[in-house]
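Work through the exercises below with the sequence and the structure at hand. Try each task before reading its solution.

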Amino acid sequence: MCGRYATARSAGDLSALFESSDETGGVGPDFNVAPTDPVPLVRLAPEGHRLLSVGRWGLVPHWSRTAGAAARMINARVETVATSRAYAPSFARRRCLVPADGWYEWVRQADGRRQPYFMTPRDGSVLAFAGIWSLWEPAGEARLTFSVLTTAAVGELAEVHDRMPLLLPRERWASWLGPATEPDALLAPPAPAWLAGLEIRPVSPAVGDVRNDGPELTARIPLARAEADTEMTLF
């Protein structure tokens with residue numbers, strides 16, 4: 001999975017969709033989320049209810065002395081998340097849902113250019129990436145960080161990239177947040193029929209610049225225009 005996605009809904013909308021209490025203080029849309037950015041996530045409070053929180057993308061283990069590796073820890077592989085020293089404690093006890101409207105991947109064309117695609121539900125519904133979180137407390141300052149789990153891409157998604165985020169249909173949200181009684185079941189990919197509801201949408205190469213933001217980044221464009229836009233960005 002590439003390191004970009006979009007989360008465009010307000011804190012109020014996300015609280016309603018995920019039936020959670022909001023502790024974010026308000027979040028705004030971000031159509032070009034990049035590593036270490038602060039974004040919303042849903043986790044369980046100690047009392048057992050759901051919390052909408054803000055975390056930074058790139059997990060920092062609680063024992064880490066610095067946050068320097070955060071940008072390299074945005075993704076955790078399902079094949080090793082339960083055994084990795086960095087990820088296993090969070091997988092066992094601190095799982096979260098990462099709300100998203102879709103994610104971006106780049107495909108290299110025959111001429112060497114890279115065309116971005118946006119994977120998003122056709123019906124406009126919200127996605128939930130499987131995530132794990134950790135609290136890092138340098139000098140007593142608590143920082144909530146997280147990683148998105150990735151798995152082998154399935155179906156048409158494999159034509160874009162060999163990995164994809166572990167996507168959780170609504171009926172799996174509660175089990176993902178709850179006790180890890182059956183780890184293998186937790187890490188299973190969604191059914192092909194559910195994945196068929198995703199659109200693989202060509203979008204503008206402008207998303208490649210992290211300084212760009214806005215709904216136009218997720219808009220479908222003809223591939224002919226995408227090629228022209230790429231040529232324009234070269235000069």
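**Exercise 1: A residue in a loop**

Arg-94 sits in the loop between α2 (88–93) and β7 (95–100). The model used here is a predicted one. Decide whether Arg-94 is buried or exposed, and find which residues Arg-94 is in contact with beyond four places in sequence.

Solution. 
- Step 1. The relative accessibility of Arg-94 is 18%. Buried means under 20%, so Arg-94 counts as buried.
- Step 2. With neighbours within four places in sequence left aside, the contacts of Arg-94 are Pro-89, Gly-131, Ile-132, Trp-133 and Ser-134.
- Step 3. Take Trp-133 from that list. Arg-94 and Trp-133 are separated by 39 residues in sequence, while their C-alpha atoms are 5.6 Å apart in space.

**Exercise 2: The order of a sheet**

Give the order of the strands in the open sheet of five strands, and state which strands stand at its edges.

Solution. 
- Step 1. The order is β3-β1-β8-β9-β13, and the pairing is antiparallel.
- Step 2. β3 (30–33) and β13 are the edge strands. Each has a single partner strand, so one side of each has no neighbour in the sheet.
- Step 3. On average, and with direction ignored, neighbouring strands of this sheet are turned by 25° against each other.
- Step 4. Now look at two of the pairs. Strand β8 (residues 102–108) runs antiparallel to β9 and is joined to β9 by six bridges; here Trp-106 stands opposite Pro-116 in β9.
- Step 5. Strand β9 (residues 114–121) pairs with β13 over five bridges, also in the antiparallel sense. In this pair Tyr-117 stands opposite Pro-202 in β13.

**Exercise 3: An edge strand and its glutamate**

Explain why strand β13 (residues 198–202) is described as largely enclosed by the rest of the structure.

Solution. 
- Step 1. Four of the five residues of β13 are buried, so the strand is largely enclosed by the rest of the structure.
- Step 2. Glu-199 has a relative accessible area of 13%. The limit for buried is under 20%, so Glu-199 is buried.
- Step 3. The side chain of Glu-199 makes a polar contact of 3.0 Å with the side chain of Arg-201. A polar contact of 2.9 Å joins the side chain of Glu-199 to that of Arg-220.
- Step 4. Beyond its neighbours within four places in sequence, Glu-199 is in contact with Phe-118, Met-119, Thr-120, Arg-122 and Arg-220.

**Exercise 4: Positive phi angles**

Find the phi of Glu-19, of Thr-36 and of Gly-48, and place each residue in the chain.

Solution. 
- Step 1. Glu-19 has a phi near 50°, a positive value in a residue other than glycine. Glu-19 belongs to the loop between α1 and β2 (21–22). Its relative accessibility is 62%; exposed means over 50%, so Glu-19 counts as exposed.
- Step 2. Thr-36 is also a residue other than glycine, and its phi is positive, near 75°. Its place is the loop between β3 and β4 (38–44). At 34% relative accessibility, Thr-36 counts as partly exposed.
- Step 3. Gly-48 takes a positive phi near 105° in the hairpin of β4 and β5, where five residues lie between the strands.
- Step 4. β4 and strand β5 (residues 50–57) are paired in the antiparallel sense over seven bridges, with Val-39 opposite Gly-55 in β5. Five of the seven residues of β4 are buried, and the strand is mostly covered.

**Exercise 5: Confidence**

State the average pLDDT of the chain and where pLDDT stays under 50.

Solution. 
- Step 1. The average pLDDT is 90, and 91% of the residues score at least 70.
- Step 2. Over residues 228–235 pLDDT stays under 50, and the model has six contacts beyond four places in sequence for these residues.

Methods. Residues numbered from 1 in each chain as written. Predicted model: local features only at pLDDT ≥ 70, side-chain atom pairs only at ≥ 80, totals over all residues. Heavy atoms only, no water. Buried < 20%, exposed > 50% of the residue type's maximum accessible area, 1.4 Å probe, protein only. Helix = DSSP H or I, 4+ residues; strand = E, 2+ residues; numbered from the N terminus. Pairing = 2+ DSSP bridges. Polar contact = N/O pair within 3.5 Å; in protein donor to acceptor, adjacent residues only side chain to side chain. Contact = heavy atoms within 4.5 Å. pLDDT = per-residue confidence, 0-100. Axes fitted to C-alpha atoms, helices over the stretch in contact; angles between N-to-C directions.
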